[in-house]
Each structure stands twice: as C-alpha cells, then as structure tokens.
Amino acid sequence: MENRPLEYDYTVAKWFMLATVVLGIVGMLVGVILAWQMAFPGVNLLAGEGLAEYTNFSRLRPLHTDSVIFGFTLSGIWATWYYVGQRVLKVSMAESKFLMFLAKLHFAIYMVVVVAVVGSLLLGISTGKEYADFEWPIDIAVVVVWVIWGMSIFGLIGIRREKSLYISIWYYIATFLGIAMLYLFNNMEIPTYFASGGIGAWYHSVSMYSGTNDALVQWWYGHNAVAFGFTVPIVAMIYYFLPKESGQAVYSYKLSLLAFWGLMFVYLWAGGHHLIYSTVPDWMQTMGSVFSVVLILPSWGSAINMLLTMKGEWQQVAASPLIKFMILASTFYMFSTLEGPIQAIKSVNALAHFTDWIVGHVHDGVLGWVAFMIMAALFHMAPRVFKREIYSKSLMNTQFWIQTLGVVLYFTSMWIAGITQGMMWRAHDEFGNLAYSFIDTVAVLHPYFTIRAVGGTLYLVGMFLFAYNMYKTMTSSRRVEESELQNASPMGA
Amino acid sequence: MFHWLEKHPFFFAVAVFVTIAFAGLIEIVPNFAQASQPVVGTKPYTTLELAGRHIYISNNCMGCHSQLVRPFKSETDRYGHYSLSGEYAYDRPFLWGSKRTGPDLMRVGNYRTTDWHENHMKDPAAVVPGSIMPAYRWMFKKDADIDTAYAEQVTVNKVFKTPYNVEIPMVDGSKATVKMAATLDEAHADALEEAKMIAADMKDQDVKDAVEAGKIPEIVALIAYLNSLK
C-alpha cells in the first residue's frame, strides 16, 4: 500500500477533453461558414430565406468567437487543469469527495452555460460588447462556474503533497485571477427589467459605463481576455507537456520567472492599443503602444525557454508529430507576439486598425499557437487517461501538415487583404480627393477572402482528423502499460 | 522571495493579483469622470431610436461597421468630422466596433436617407453593386420591442441621470428636449408617432399598413436609429 504509485482520477479531465473536441469543431465550423459568406454572400442564405435571421453573418459571428474562446479554449484549459493539476501537486482527485463533486458540478454548470450562450446568441440576445456578449443571467452563471473552478484549484493546492508550485500552476492561478477580475468589471450592467419596475424583456441590461469609458473597460477586458485565456493558460500547458513528452528538463528556471512576472506586469497595460486614434486620452494610447512593444520580452522569454528545452534533442521534432505540434505552437507564439506589437505601433495601427490584418493576427495566434498546443496536450493526455496508445501517428502527421497549410493560407491572405484595404482607404488622387469609394475596397478583397476560406476549411478538415484519431484512441487502440507512459507517448502506425 | 512565494499559494495569488490589477487602476480610473461629459449638441436617444439601437446590437451590426471616425484626412473626407469623446456620452454600450468590413456609420444620418436604408436593408447588392452585406428582410416583418427600449430609458434616467424631459443646449444656441414618456402606453404612442413619420418616407406597403395598424416593424425603429447618427 505504502509504495504504490498514486492513481490519478481523470473522470472530469475526460469530460472536458470531449467538450474541447466537440466545441472546437462547432466553433471552427461556424468560422468556416463565416469565411465562405464573406467570399460568396449567397452562403448567408444557406438554410433558405426563412431561416436567414439565424444563418446570416452578423448573427453567427459572435457564435464563432465565443465558441472558440469560451468553448474550445476554456474546455481545453480545464481538461488540462484536471490532468496537470493532480500530477504536479501529487494528489489525486479521488482523495477528496468534495473536490470531485465540485469538479463534476463545474462541468455540469458549464454545459448549461454553453447551451444558454448558443441559444441566446442565435436569438440575438446580446449586450453588444465583443467577447462579453452575454446578458446578465448568463454572466451570473459564468461567475458561478469560475468560482467553482477557483475552489477546485485552491482546494487541490490545499491538499497537495508537493509543496513547491510548479510553473504551470503559477499560470493556472494567474488565469483564474485575471479572468475573474476582468470579467466582473467589464460586465457591470443594470438589468432594466428590475430597475424600471418590471417593463420589457427580463434578461435585458444596460452597461454601467458609457461611451469612451465603456470602450476603455471593454478593451482592457478584451485584450486581457486574450492574455489570460489565450496566452497564460496555454503557456501553463506547454511548460508541462513539452518537458514531459520530450523527457527534457525546462531550460531555465530564471527565464521562466522573468517571463512569468514580466507577463503579469506588462500585459494589462497593453489594452490601450485597441483604442489608438480613438477618443481615449492620448497618453493612454501611447502607454498601450509602448507596453505592447515591451510585451515582446516576456512573451519571447517563455517561447525561447521552450525552444531551448529541446536543445540537443531536435531529432525528436522530426520523429514525433506530437513534439511537432508543440514546437510549431511556440514558433507561432513568437510570431504572433511579434506581429501584435508591430500592429500596436501608432503609425502601423493607423493603417492596420479596422482591417483584415487584425483578423489575420488573431488567427495565426489562435490557430497556430492556442489550438495547436491544446491539441498537442490532448494527444499527450489521451494514452494516459484512456490507457491506450494514440491510434495513428500517420494521421497525426497528416493533420499537422493540413492544418499548418491552412494557417499559412489564412494569415498570408489576411495580411494582403488588410494592407491592401488600409492603403486604399487612405489613397487620394492628384486633386486631393479620395481615390476609391468604399465598395472598391471591398470588391478587391474577394480573392483573399476566398483563399482564407480555403485555409479555414483545411484547418477544419484537420479538426475532423483530430476528432477521429481521438475517438479511435479512446475506443479501439492497443492497450498500454504504465511503463510505456514515461515520456514519449506511445503511438500506433 | 520567488521561492518563498512558490511555497505559499495564498501570498503568491495576492502578489499576482496586485501585479495585474494596478495597470487597470492607473489607466482607467483617472479618466472616468471626464470622459462621460457630453459635448454640446449631444442628445439621448428617443424610445424608437433606442429600440432601433437594440436591433442594431442584436444583429451585431458592429461586427462589420465601426462608429469611430479617426482624425485622418482620409476618414474625415469619407465620413465627416472626427469623433469626439463627449458625443458618446449616452452610448451604453459603446458601438465603436473593431472591424470595417463595411463603412463607418458614426455620421450615416448625415448622408443617407430613410428611402436609401429601406432599399439597402432589403437587398444591399441592388443599391451598392458588389456589396457582400447580407439582406435583412425579416426586419420588415418582425415588430420592434418598444417595451424594453422604454425600460432602458427609465433605467438610465433613474440611475445615470441621463437628461430626458429637460432642456439640452444645441450647437446653434437653441435648446432641445428629448421626451421620455410617463407611462408605457404613452411611450408606445410616442414611438408610433415617430414611426409614422419614417413610414411616410418608405415604399414597402406591408410596413406602411403595419404602422397604420399601430405596429412598429423592426426596420422602422432601425432606420430611426440610423437617421439619428449624425
């Protein structure tokens, strides 16, 4: 009894893995539909005139952003938390009935929120703030989910055997605190039904902030929801999964310290770069711009730390598709954390803001970094939670190349589209008149919209391959022993 | 210090929170009172305009259209005067958007008419050849939610002292008053009066008949809102 290794309980991790795959496919499928709608507007009527309200671009767009951010990514974060948390704290979920109950409740309420979000966005119930579209009843449910997750984190930490918190735990704690603060403040709203004494829709609310202030709070939130949803927890993942899968120790502890505290300190200042040349005070715009450039340091700190972790072991990148996913992810992390600061420079922002270049930036970050890392994490977890080898290595390789091609088509076409449109908006003729009407600047984008739609479709195809591979791993792959699960994940041909 | 923090999760969490929180305090708080002051000529929305604004939000128009004219010649040439902070004083939420798939709408009321919007919302490509905007034909059939718009007026008037039923200074030195009804029934009657003026400039017979019968289709409220953007 004394010498038996710990048996970790992955029940809830499995549920969240399933949610990650399903919500990933949903979110990206909607994204692909949107991309084709922009290339060929007829697609807006894909379910006929009668359902046009529910299938047109404008209604579907928040569904895409929210299902990828709060569906796919959050599920991925939680799937890894309920896996990594136990392992680095050296304590099993099964040791506490209370924590197990909390974790299951966490999943259950989250599922209710997902259904409520999909329903309300399709019906057009929205507060109108990007990535904070949910009306107050859903906001309250989100807060409940978040508090439960917080109890789960600190509960597990409370009964830990390993006294020192591993780097990944720092990042999970920061994710929890950051999002909690941002979400609460940005969603301050007053339900009109109650304030007016029972008139109108019960779920409607009005923002506590108006105009420029609302914009300030919203982009302080919007930018940092990216920070604490798309960066911090994904870094938590790579700090655990890359050393684990490669069998290499993290290159530098000092660098990880510098990168962590640097990221915490700098990230929040950079939100102002969404508001350059808007009506917020100039000093804030400048702060946003300057700190965005400073942000390169801690971002690259983590990425370089990961790449150097592979020092002397680069043959693994060629040999293992799982390592490939993670190395490409950290490369894209470096790439998009350089691209973002460039776009935050005032004179570049004057051109790039409001164009597709920004859309391109978001997607090289999310598709290249976030999604690749989450899928790599799930691939690494699968043999350990299902006790079976990964069904097919060649399928993983195929998926990797299809999706990489998809991302490259996506961001290159959006670069060209964004810069083209930005240049055309500002072009004047020899008499000082605007050279192009607005529609000229739309028509010229058609080929790039088409290429982007192809790129997105390729990525979605990769998602289906991923789902199939995971399904086969779960159900019919070869069973493996604990001894095969030390480092490199076992994979079938 | 860092080693110590890593063994003391509570203090670690406090340290993280302080590190991330104070950027927000410094950037956001000092500007709050100042930025919420309206400029001369800025009026709160009428009930019908607000109902239209809700339709604008629920269909996520801001996903493709900004309401923020930046201070560049190319933008002021195209859209009119650059935006001033105080012009947004009554915008809850703000609708600046983050992407211009279509043109900016900050001052669309200055250069588009009811008639133009009617045709455009029905079939955008017929009015602007090559447009990739989808059509919004259901707005001609569904009725606008006047109740919720009125509830919002009452709320902002009560909680934020949004100036309804008081004189507001205009740019030309005159005074204007935006009415907020005393009762819900009165709000409906006022909104219908405003809707009739808009429907008079429209051609769609179904919309005209609906307004005649005391109903307010979504398209009418939306056009009222778009016309108010100046």
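This short talk covers the nonpolar core and a few backbone features of a predicted model.

Some conventions: residues count from 1 along each chain as its sequence is written, and chains are lettered from A in the order in which they are written. In this predicted model, local features need pLDDT of at least 70 and side-chain atom pairs count only at pLDDT 80 or more, while totals for chains, interfaces and linings use all residues.

I'll start with the core. A nonpolar core here is a set of buried Ala, Val, Leu, Ile, Met, Phe, Trp, Tyr and Cys residues joined through C-beta atoms within 7 Å. Buried means 20 or more other C-beta atoms within 10 Å of the residue's own, exposed means 12 or fewer, and partly exposed is in between, with C-beta atoms placed from the backbone. The largest such core has 213 residues, and A:I173, A:I238 and B:V220 are among those with the most contacts inside it. Its largest share, 21 residues, comes from helix 8 (residues 211-246) of chain A; helices are DSSP runs of H or I, at least four residues, strands are runs of E, at least two, and both are numbered from the N terminus.

Now the backbone. Most residues other than glycine have a negative phi, and most peptide bonds are trans. B:R92 and B:P93 are joined by a cis peptide bond, with omega about -5 degrees. B:P93 sits in the loop between helix 5 (73-79) and helix 6 (114-122) of chain B.

A:K90 has a positive phi, near 60 degrees, and lies in the loop between helix 3 (57-89) and helix 4 (97-122) of chain A. A:K90 is exposed, because it has 12 other C-beta atoms within 10 Å.
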